[in-house]
Amino acid sequence: MTADNTDSFTAVFAVPMHCSDCCNSVTTALKTLERVDNVECDLGKQLVSVTGSAPPSAVVTAIQAIGRDAIVRGTGLPNSAAVAILESHAPEDQKAPVKGLARIVAVSPTQALFDITLNGLPKGTYYPSVRVGGNIFEGAKTCGALYQELGTVEVGEDGSGQTFVKRPISITELIGRGLIVSDHASKIADNSLVGVIARSAGVWQNDKTVCSCSGKTVWEERQDQVGRGLAV
């Protein structure tokens with residue numbers, strides 16, 4: 001089941017902008033995307049609000065295409081969003097373990113959209129799924145049995161791929177479970193990607209600009225994640 005035009009939600013992105021021309025260029029780029037209904041730019045707060053049913057990853061990619069960067073700061077209503085950073089536990093990937101990201105937003109109490117992006121992988125078909133457990137001590141292998149399949153992701157020659165699917169599941173029942181990505185439909189290998197699904201902020205719930213744990217700005221944190229392999 002794929003997302004459609006009725007699955008509208010709002011997402012807020014931090015975007016570095018310096019003047020009204022910056023706002024205009026970002027707005028113009030985003031309005032060319034399919035399934036974007038409205039774009040609002042707040043130059044003072046360096047925030048862009050996008051309403052529609054376009055994947056958040058597509059919004060980030062469109063902003064990057066005009067020479068800027070973007071960070072998702074909130075998606076959907078309070079308690080209606082989640083995220084999982086997908087990492088490889090293979091020894092050869094230790095320097096850049098992050099190979100993907102799953103952003104999840106509820107569009108009803110029993111329906112959720114999964115925006116899954118992969119990068120740095122060999123060309124082929126990959127199989128994402130939610131698992132029963134969230135123990136990633138030994139990578140994807142310790143996350144338990146299948147809980148919810150999430151279709152397939154086709155990774156191209158450039159090593160990247162993306163899917164945007166809807167499943168009959170609530171955010172509450174996802175929290176704490178593992179989300180894995182395997183290159184085999186029914187087998188979990190040592191190089192399968194895995195991340196634990198955690199709550200993320202709804203729209204306007206996250207206004208911090210400095211991380212209380214590391215003392216770094218959100219953009220410094222972003223660069224750290226890019227260095228570990230995160231693309232969008």
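The model is predicted: local features need pLDDT of at least 70, side-chain atom pairs count only at pLDDT 80 or more, and totals for chains, interfaces and linings use all residues. Residues are numbered from 1 along each chain as its sequence is written, and side-chain values use heavy atoms, with hydrogens and water left out.

Select 178-182, strand β12 (strands are DSSP runs of E, at least two residues; helices are runs of H or I, at least four; both are numbered from the N terminus). Five of its five residues are buried, so β12 is largely enclosed by the rest of the structure; buried means under 20% relative accessible area, with a 1.4 Å probe and protein chains only. In a regular strand, side chains alternate between the two faces of the sheet. Here G178, I180 and S182 are on one side of β12, and L179 and V181 on the other.

Strand β8, residues 124-131, runs antiparallel to β12 and is joined to it by four bridges; V130 has L179 as its bridge partner. Strand β13, residues 193-196, is also antiparallel to β12, again with four bridges. There, L193 is the bridge partner of V181.

Now select R177 and Y147. The charged end of R177 sits over the ring of Y147, 3.8 Å from its centre; the criterion is NZ of Lys or CZ of Arg within 6 Å of the ring centre and within 35 degrees of the ring normal.

Finish at A70, in the loop between α2 (56-64) and β4 (71-75). A70 counts as buried because its relative accessibility is 2%.

Notes. Buried means under 20% relative accessible area, exposed over 50%, partly exposed in between (1.4 Å probe, protein chains only). Two strands pair if DSSP finds at least two bridges between them.
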